[in-house]
Amino acid sequence: MKKYTYTEKKDTRSGFGAGLSELGKSNPDVVALCADLTGSLKMDAFQKDHPERFFQVGIAEANMIGIAAGLTIGGKIPFTGTFANFSTGRVYDQIRQSVAYSGKNVKICASHAGLTLGEDGATHQILEDIGLMKMLPHMCVINPCDYNQTKAATIAIADHHGPVYLRFGRPTVPNFTPADQKFEIGKAIMLNEGSDVTIIATGHLVWKAIEAGEQLAAKGISAEIINIHTIKPLDDAAILKSLAKTKCVVTAEEHQMNGGLGDSVAQLLARNTPAPQEFVAVNDSFGESGTPDQLMTKYGLDTVNIVEAAEKVMKRK
Amino acid sequence: MADISQLEQLAKQVRRDIVRMVHAVNSGHPGGSLGCTEYLVALYNVVMKHDPKNFSMDGKGEDLFFLSNGHISPVFYSVLARCGYFPIDELKTFRKLNSRLQGHPTTHEGLPGVRIASGSLGQGMSVAIGAALAKKLNKDTSIVYSLHGDGELQEGQIWEAAIYAAANKVDNYIATIDYNGRQIDGDVENVLSLGNLRTKFEAFGWEVLDIHEGNNMTAVIDGLRKAQTFIGKGKPIVVIMKTEMGAGVDFMMGTHKWHGSAPNDEQLQKALDQLVGNEADY
């Protein structure tokens, strides 16, 4: 098992803030909109440096999405920022009609996704956002794993013409992606080559997949670990190539089982080379208040759950 | 084309197009389309500065129009075609398979003249504001226009946008409300009354103007010209335009029933008989 280390834990939302700040300096067409969560989204630096390109819309997310769509018509590249729940579920129809169907170059940037939002509870812990966004035709869906990858993804999506959903979160997590790693939309990252089981993880579950890989290695199990930061378009070739070798897969994500990364992988396999799959995901449930770690444990999204799923799926080969 | 009689002639032709288009596919929304004919004819042929032959999505240096109440697509398509955005003959594809003239307007099929999809109501004001903000960033002094149904104002997003535009002095933007008092289920007053619309917009911080005769070409042009004089004065501008749903076809007026129904063969002929003179149908 390849060894991964990190010097500090950082939040992915700060990676977004840093990326946006860099874009502000490098790309004069980039504009940003926020619905009263500038501090939470770490958009303060952009706001301070480029006040003329920053639009505070207040607590009015539907209007924010519409304004963003309109800004593209003047050649701007709008980045909208609010919590994942208010970025998707609350404004689904606005995204569907004014952004996706209209083919507008809007970047919908969403923080505090999933259970790790923590104590605020289920009203804010959206676990359906990946599904909502990936169902929209031509919507690109990205869920990076750590600070460096989120920063790189933020910068990369400015050069991608078309709507993008960029999902990140609140807690600090190990920042292990090399700061100079190029972010390629739709390109899976092979974290560890293995032969017994493939673990495909996205977002905060990527580090847990690495931890699971280490524990499995200690048990003599060789896990192939793939970081899928882009859920749509999915890197079909990388997944099929891995499955041709391992013949079984665990998918891991901080999202509902219905509609998430696991669904996308299952569909890909069903259409090509069906293989046993176990899902580490929230199983048809809302979240609740608690610390992020407590919630990840209670809802079965921890390292141990990935290890158990790997052992289980291998028996199904 | 500033001659009023020519514009009225064009309006008559647009009305012929509207009833023929919805009749041909036995679907679509003739009522609001007929009611907004003078407005769109005036806007595209007199009021706006635009370049139909060289449509670009960005529309830099051009005035822009956003149709928020997308269901009145027949009048929008007819006016766009007849001022040169696309071939007039294409009107016959309205609502048919593989057409660029979808039931509700969209950019998806690449129809020149359309810059946003609309149909799901209440979204166009936000989009227009965004386009107006981009114009300010681009130091582009042209104007953004939008049209909304009165029933559409029941959508909450409109009021989010209304708060934003006033608070941020979006003063290069003229919204118009098609104040025909009718929606699918009946009179707006009975379905969900808007109360005093003028004082609502005034309270939201907008400059409010009226066009009392929205089906009188001269009144519409004068009203929009007057609205233009408030551009750049620190407030968004709204024109409350009183129209008659179904205007120009007597049996479609005075009722909400022609909001979204097409005429049969006999009714079409009856309508066309009221819209005669120098016709040049597609």
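**A helix and the strands beside it**

Reply: In helix α9 of chain A (residues 236–246), the buried residues are I239(A), S242(A), L243(A) and T246(A). Here "buried" means 20 or more other C-beta atoms within 10 Å of a residue's own, "exposed" means 12 or fewer, and partly exposed is in between, with C-beta atoms placed from the backbone. Helices (H or I, at least four residues) and strands (E, at least two) are DSSP runs, numbered from the N terminus.

Before going on: this is a predicted model, where local features need pLDDT of at least 70, side-chain atom pairs count only at pLDDT 80 or more, and totals for chains, interfaces and linings use all residues. Residues are numbered from 1 along each chain as its sequence is written, while chains are lettered from A and ligands numbered from 1 in the order in which they are written.

Seen down the axis of α9(A), its buried residues fall within an arc of 100°, so they line one face of the helix; the arc is that of the directions from the helix axis to the C-beta atoms. The face turned away from that buried side carries the exposed A237(A), A244(A) and K245(A). After α9(A) comes K247(A), with a positive phi near 65°.

What do the buried residues of α9(A) pack against? They pack against β10 (197–201), β11 (223–227), β13 (249–256) and α10 (261–271) of chain A, where a contact needs C-beta atoms, placed from the backbone, within 7 Å.

Of these, β11(A) is worth a stop. It is mostly covered, with 5 of its 5 residues buried. A223(A), I225(A) and N227(A) point one way from the strand, E224(A) and I226(A) the other way.

Now for the strand partners of β11(A). Strand β9 (residues 189–192) of chain A pairs with β11(A) in the antiparallel sense over 3 bridges; two strands pair if DSSP finds at least two bridges between them. M190(A) stands opposite I226(A) there. β10(A) is joined to β11(A) by 5 bridges, and these two run parallel. N227(A) in β11(A) is the bridge partner of A201(A). To get from β10(A) to β11(A), the chain crosses through helix α8 (residues 205–218) of chain A, in a right-handed β-α-β crossover. Right-handed means that, with the strands pointing away from the viewer, the path from the first strand over the helix to the second runs clockwise.

Note on methods
Two residues are in contact if their C-beta atoms, placed from the backbone, lie within 7 Å.
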